[in-house]
Amino acid sequence: MNSELRPHQIEAMSRLRQSLVGGRRRPMIQAPTGFGKTILAAAIVDGALRKGNRVTFVVPALSLIDQTVQSFWAEGIRDVGVIQANHEMTNASRPVQVASVQTLQRRELPEADVVVIDEAHRWYQFYADWMARPEWSAVPFVGLSATPWTKGLGRYFDDLIVAATTAKLIDAGYLSPFRVFAPAHPDLTGVRTVAGDYHEGDLSDAIDKPDLTADIVETWRKLGEDRPTLVFAVDRAHARHLAERFSETGVATAYVDAFTDSEERETIRRRFHAGDVQVVVNIATMIFGVDWDVRCIVFARPTKSEMLWVQAIGRGLRTAPGKADLIVLDHSDTALRLGLPTDIQHDRLNEGRKGSSKCERERSVPLPKECPSCTFLKPPGLHTCPSCGFAPERRTEVATGDGELVEIGKRGSKLSAAERRNRTDDWSVKVSFIQQLKRYAQDKGRSPGWVAHAYREYYGCWPNDRRLKDAEPAAGVGEVVRSWIRAKDIRYAKARGRAA
Ligand SMILES: [Zn+2]
C-alpha cells in the first residue's frame with residue numbers, strides 16, 4: 001500500500017477482521033462517499049494477498065473496471081488480471097481478478113479465497129446464487145457500498161460494518177459541509193410510484209415544464225453564487241431542456257450521462273475544473289464520479305429513494321482548496337420528504353420483509369424545516385435560521401392558536417400546535433386549508449390579508465409558496481375550518497375586550 005490509511009479506514013479494516021475472525025462470512029462495509037472507499041478496497045485486497053489468498057473483485061459496470069485496476073496500481077498492487085472480452089490485462093493466473101458482474105455471469109467463476117462485491121447496493125440475483133453455492137459457503141464475500149440499503153440485502157449479508165457516517169466525516173474535515181435550500185415545491189399530484197420510486201414518465205410530465213425550468217435557472221442565478229454546478233434532471237429530455245435554458249442565459253453548460261464515453265467525460269471534467277464549463281447536467285446519478293470539484297448541486301429529480309438522494313449529494317461533498325461548503329438547491333422536495341443526507345442512517349440491513357419496516361424507517365428520520373424567510377432548510381431541531389438569522393415567532397408567545405404545547409422527540413423540544421401542523425400536514429392539506437380560507441374570505445368580504453394572517457396563525461408561517469398563492473377558492477368551507485375560524489374570531493373579540 002502506498003497510501004497511509006486514515007483513522008476511519010484503519011478502524012474499518014479492524015472491524016472487518018473482527019467480523020471474519022468471529023466467524024462471519026458475509027460482511028457488508030458501509031463507507032460513505034468521501035470515505036476513500038477505493039483505498040479501503042485496495043487495503044482489503046492487499047491484506048488478502050499478503051496471506052497468499054486469491055481475490056475476485058466484482059464491479060457492477062464495465063466502465064468501472066479500468067478505474068478499479070488503476071486505483072490498485074496506484075497502491076502498488078500490480079499482480080492484477082481482468083476478466084473481460086479481449087482486455088489487454090487478461091491473465092487468469094494472477095492472484096487478483098477484476099471483473100464486471102455482466103461478464104462474470106457468462107463465464108466460469110474464477111477460484112478465490114475472498115470475493116469483494118463493490119457498489120453492492122446494485123444487487124444482482126447472480127450474486128445471491130453465487131453466494132448460496134455450498135462450495136462458496138466458507139469463502140468470505142465482502143460487500144462495499146456507500147448506501148447498502150437495497151431491499152433484501154440483509155438476507156445475503158450477515159454483518160453491517162458502518163465504517164463512518166457522512167456527518168462524522170464532515171466533522172472530521174474529510175468531507176465538505178453543505179447547505180440545502182428548498183426554493184420550489186413541485187406538484188407531484190398524479191405521479192405514480194413504481195418499485196419504490198416515482199414513475200419516470202409521470203415525473204417527466206410533472207417536472208419538465210418551461211416555467212419550472214426557467215425557475216431552476218433563475219434560482220441558480222440568485223442562490224448558486226456562480227459556483228461550479230452539477231444538475232440532476234429527471235430524464236434526457238429534461239436534461240436537454242435545462243442545459244438549453246442555462247446556455248441561453250450565457251452559462252457554459254455541458255451534458256453527461258451513462259452513454260458519454262470516457263474520453264468525452266474526461267474532456268468535460270477538465271473544462272469544468274478549468275472553469276470553461278460552469279454547469280454540468282446529468283441524469284445517470286449512480287455512475288457520475290465523485291472526484292469532480294462540484295460546489296453547487298441543483299437537484300431537480302424528485303425521488304423516494306434514499307440511495308439515489310444520498311449518492312447524488314455525495315457527488316458534491318468532496319473537499320477542495322477554497323471550498324467552504326456545498327450549496328444544494330433542492331427543487332424536488334426530497335430533503336423535506338426523506339431528510340438531510342446526514343440524517344439518513346440505518347443500523348441494520350434491510351431484510352426485505354413486507355410490512356411495517358419501511359414506514360418505521362421513514363418515520364425515524366428527523367426532517368429539516370424550511371425557513372419561511374429564505375427557503376434554507378434548517379437541520380432538525382434548529383429554531384433560528386443559520387442562513388439568514390430569521391427566527392419564526394414562537395407560537396407560545398402570542399395570543400393566538402390554541403396554545404397547546406406538544407412534546408416531541410427525545411431532546412424534549414417543544415413545538416406549538418402550529419409548528420406541529422406545519423410539519424405533519426402535507427401540501428394537499430395545506431392547499432385545501434387555504435382554499436377554504438379564500439372561499440370564506442370571498443363569502444364574508446374579508447381581505448386577502450386576512451387569508452394570509454389566518455393561514456399564518458394556523459401553520460406558523462406565511463403562505464408564500466406558489467402553490468398556496470395560486471390556489472383557487474374552494475367550492476365550500478368545511479365544518480372543521482369554519483369552527484376554527486369561529487373560535488379564532490371569539491379569541492380576538494375577547495382579547496380586544498380585555499384591551500379595552
Ligand atoms: Zn432563513
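This is a predicted model: local features need pLDDT of at least 70, side-chain atom pairs count only at pLDDT 80 or more; totals for chains, interfaces and linings use all residues.
Local features were taken at pLDDT of at least 70 and side-chain atom pairs at pLDDT 80 or more, whereas totals for chains, interfaces and linings use all residues. Residues are numbered from 1 along each chain as its sequence is written, and side-chain values use heavy atoms, with hydrogens and water left out.

The zinc ion has as protein donors the SG atoms of Cys 371, Cys 374, Cys 385 and Cys 388, at 2.3 to 2.4 Å. Donors are N, O and S atoms within 2.8 Å of the metal (3.2 Å for Na, K and Ca); water is not among the atoms, so sites may look incomplete. The arrangement is tetrahedral because the four donor atoms subtend angles of 107 to 114° around the zinc ion; for four donors, this class requires all angles to lie between 85 and 135 degrees. Along the chain, the donors follow the spacing C-x2-C-x10-C-x2-C. Cys 371 lies in the loop between β16 (369–370) and β17 (377–378) and Cys 388 in the loop between β17 and β18 (405–408), so the pair ties together parts 17 residues apart in sequence. Helices (H or I, at least four residues) and strands (E, at least two) are DSSP runs, numbered from the N terminus. Cys 371 is buried, at 0% relative accessibility, while Cys 388 is partly exposed, at 36%. Buried denotes under 20% relative accessible area, exposed over 50%, and partly exposed the range in between (1.4 Å probe, protein chains only).

The structure contains 25 salt bridges, each defined as a side-chain nitrogen of Lys or Arg within 4 Å of a carboxyl oxygen of Asp or Glu. Arg 94 pairs with Asp 79, with 3.7 Å between the closest N and O atoms. This pair links distant parts of the chain, 15 residues apart: Arg 94 is in the loop between β3 (80–83) and β4 (96–100), and Asp 79 in the loop between α3 (63–74) and β3. Arg 94 is partly exposed at 26%, as is Asp 79 at 40%. In the salt bridge between Asp 443 and Arg 439, the closest N and O atoms are 3.3 Å apart; these residues are four apart in helix α15 (residues 427–444), which means a separation of about one helical turn. Asp 465 and Arg 467 form a salt bridge at 3.2 Å between the closest N and O atoms, and both residues are buried.

Thr 56 is located in strand β2 (residues 55–59) and is buried, at 0% relative accessibility. Its contacts (heavy atoms within 4.5 Å) include Gln 97, Leu 104, Val 115 and Trp 130, not counting residues up to four places away in sequence.

Technical notes:
Four donors count as tetrahedral if all angles lie between 85 and 135 degrees; four count as square planar and six as octahedral if opposite donors are over 155 degrees apart and all others between 65 and 115; anything else is irregular.
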